[in-house]
Amino acid sequence: MLHTKAPHIEEMVGEALQKAHHLGEPLFISIVEHIDDQNPFQFFETGQHIDQHRSFWQSAENDLTMVGIGKASQLYAKSKQRFREVQSLWKHLQENAMLHDDYNKKGTGMVALGGFSFDPEQKEDTPWESFPDSKMTIPAFLLTKVDGETYLTINALIFPEDHQQQIAHQIQDHRDLLLNEGEMSGSLPVIDQTFEVAPEAWKESVKKATDDITAGLMEKVVLARELRVTFKEDVQIAAVLKALADTQPNSYIFCYESEGDHFIGATPERLAKVEDRELVSTCLAGTIPRGRTEQEDLKLGEELLGDPKNLQEHQFVVEMIKEAVEACSSQVEVPNGPVLYPLRNLQHLYTPVRAVLDQGYTLLDVIEKLHPTPALGGMPQRVSVEYIRTHETLNRGWYAGPIGWFDAQDNGEFAVAIRSALIQQKEASLFAGCGVVEDSDPEAEYAETAVKLKPMMNVLGGSEWDM
């Protein structure tokens, strides 16, 4: 990787063209500049005039926001070893890259944002045709807000046959458009119809799963269901993103656009984070609603902390994550018991796992070992995933899959894509799941999924929605 001084864009394109001619292959360039503060939602909205490949990520701690516009390059895996193949493609892209980055901040420069499907062996495409099993995008333009400052990264893949002035002028024009901040024009959608997909059949599937668990087929399985919504007009994604950010504290706010379709959500569940080799994973399993009063809230929290079913479900996750982290890390620390993790509508049992990532391992190695956790698949892992593949009627696609980012400094973070929706113009599919164990009650699990659907429904125009 060659780091350059800060040239004019046209000069850097020219230098890259010379090197691309010499190498006989395209060369990646990345330029980072410190800019005035920008509204990330406005930046996202303006980006629709440039490309139908946009991305948005805001950390649960709200200390990092990234907005990607366009695609300088994309990483797809074709083999079954999808995490390792993406890592290999990423390494190759960096080998001859020309980087100008005087700031060295996480989430700037060469950054890949995207995700992976829950189950790559799922054969049915509908409605996820625009989202392949793996897709990590290095944006052409990346807005990063970190440590109280704002940065713009310009990325481009320069081919030997490119024209220097044409490429430079196009980059400059798009940059000027994105930074010419105006007023957001979008509003929240108005619902036309909602349709639950086979709720009674789903309850029956929960009952069957408890029977299969009692018979010893598995210890736990997570079953998801779908709610379909149609709207009066096409959904304005930037407005929905802002509403999620405003109403869902302590959650990762994300959106990935692919061929005009949008996968969007507010998930509380971190899969893994790596920063300066320090690894953090999160065990988040066991759920109960928030109370309407402080007293009721405390009572519900105490009930969750003492509930055998939820504690058992949580312990499944803790044990699996600890084992996965130990396989590629040292100095692993796990608290003795869970604490409460409050969200607007729900509270969860929460246990953090901390470690130091061993040399030779990357964030994607950790994700490969963790996905899917018992909170999203079940126990044992292979048996539960096969059970889901056979018994769930919906195609999860990217729902419950790993979504996130990594940069050229080996920093990065992935969350689990729950509390989410696939939005396609005037239509949306919302997903929610629950962990089924031996003593699960179908009606109670159905009610839990209804609560989990509320955060997305509220920002999609269903503020009075109840089931």
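Student: In which strand is R270 found?
Tutor: The model discussed here is predicted. In this model, R270 is found in a strand that spans residues 270–275. That element is strand β15.

Student: Is R270 buried or exposed?
Tutor: The relative accessible area of R270 is 8%. Buried means under 20% relative accessible area. Because 8% falls under that limit, R270 is buried.

Student: Which side chain makes a polar contact of 2.7 Å with the side chain of R270?
Tutor: Setting aside neighbours within four places in sequence, R270 is in contact with several residues, among them V280, T282, E413, F414 and A415. A polar contact of 3.0 Å joins its side chain to that of Y252. The contact of 2.7 Å is made with the side chain of E61.

Student: Where does E392 lie?
Tutor: E392 has a relative accessibility of 10% and therefore counts as buried. Helix α10 covers residues 381–391, and strand β21 covers residues 402–407. E392 lies in the loop between α10 and β21.

Student: Which backbone nitrogen does the side chain of E392 reach at 2.6 Å?
Tutor: The side chain of E392 makes a polar contact of 2.8 Å with the side chain of R396. When residues up to four places away in sequence are not counted, E392 touches V222, L223, A224 and Y387. The backbone nitrogen reached at 2.6 Å is that of A224.

Student: What is the relative accessible area of L227?
Tutor: L227 is found in strand β12, which runs over residues 220–231. Its C-alpha atom is separated by 9.3 Å from that of A198, 29 residues away along the chain. L227 is buried, and its relative accessible area is 1%.

Student: How many residues apart in sequence are G435 and K203?
Tutor: G435 has its place in strand β24, residues 427–436, and counts as buried at 3% relative accessibility. Apart from neighbours within four places in sequence, its contacts include K220, V221, V222, K309, E313, S440 and E445. From C-alpha to C-alpha, G435 and K203 are 13 Å apart in space. Their separation in sequence is 232 residues.

Student: Does H163 count as buried, partly exposed or exposed?
Tutor: H163 has its place in the loop between β10 (149–158) and α4 (164–179). Its relative accessibility is 46%. Buried means under 20% and exposed means over 50%. Because 46% lies between these limits, H163 counts as partly exposed.

Student: Which residue has a backbone nitrogen 3.2 Å from a polar atom of the side chain of H163?
Tutor: The side chain of H163 reaches the backbone nitrogen of Q165 at 3.4 Å. The backbone nitrogen at 3.2 Å from a polar atom of this side chain belongs to Q166.

Student: How far apart in space are H163 and M457, C-alpha to C-alpha?
Tutor: Along the sequence, H163 and M457 are 294 residues apart. In space, from C-alpha to C-alpha, their separation is 48 Å.

Student: How many residues of the contact of α1 with α4 are charged?
Tutor: I9, E10, E11, V13, G14 and L17 in α1 meet Q164, Q165, I167, A168, H169, I171 and Q172 in α4. Six residues of this contact are nonpolar and five are polar. The number that are charged is two.

Student: Is the crossing of α6 and α11 left-handed or right-handed?
Tutor: The axes of helix α6 (residues 237–247) and helix α11 (residues 442–459) come within 8 Å and cross at roughly 130°. That angle makes α6 oblique to α11. The crossing is right-handed.

Student: How many residues of the contact of α6 with α11 are nonpolar?
Tutor: On α6, the contact is made by V240, A243, L244 and T247, and on α11 by P455, M456 and V459. One residue of this contact is polar and no residue is charged. The number that are nonpolar is six.

Student: How many of the eight residues of helix α9 are buried?
Tutor: Helix α9 covers residues 363–370 and is mostly covered. Its buried residues are L363, L364, D365, V366, I367 and L370.

How values were computed:
Residues are numbered from 1 along each chain as its sequence is written. This is a predicted model: local features need pLDDT of at least 70, side-chain atom pairs count only at pLDDT 80 or more; totals for chains, interfaces and linings use all residues. Side-chain values use heavy atoms; hydrogens and water are left out. Axes are lines fitted to C-alpha atoms, for helices over the stretch in contact, and angles run from 0 to 180 degrees between N-to-C directions. Helices (H or I, at least four residues) and strands (E, at least two) are DSSP runs, numbered from the N terminus. Angles under 35 degrees count as roughly parallel, over 145 as roughly antiparallel, 65 to 115 as roughly perpendicular and the rest as oblique. A crossing is left-handed if the near helix is turned anticlockwise from the far one by less than a right angle, and right-handed if clockwise. Contact means heavy atoms within 4.5 Å. Ala, Val, Leu, Ile, Met, Phe, Trp, Tyr, Cys and Pro count as nonpolar, Asp, Glu, Lys and Arg as charged, and the others, Gly among them, as polar. Buried means under 20% relative accessible area, exposed over 50%, partly exposed in between (1.4 Å probe, protein chains only). A polar contact is a pair of N or O atoms within 3.5 Å; within protein, one must be able to donate a hydrogen and the other to accept it, and residues adjacent in sequence count only if both atoms are side-chain atoms.
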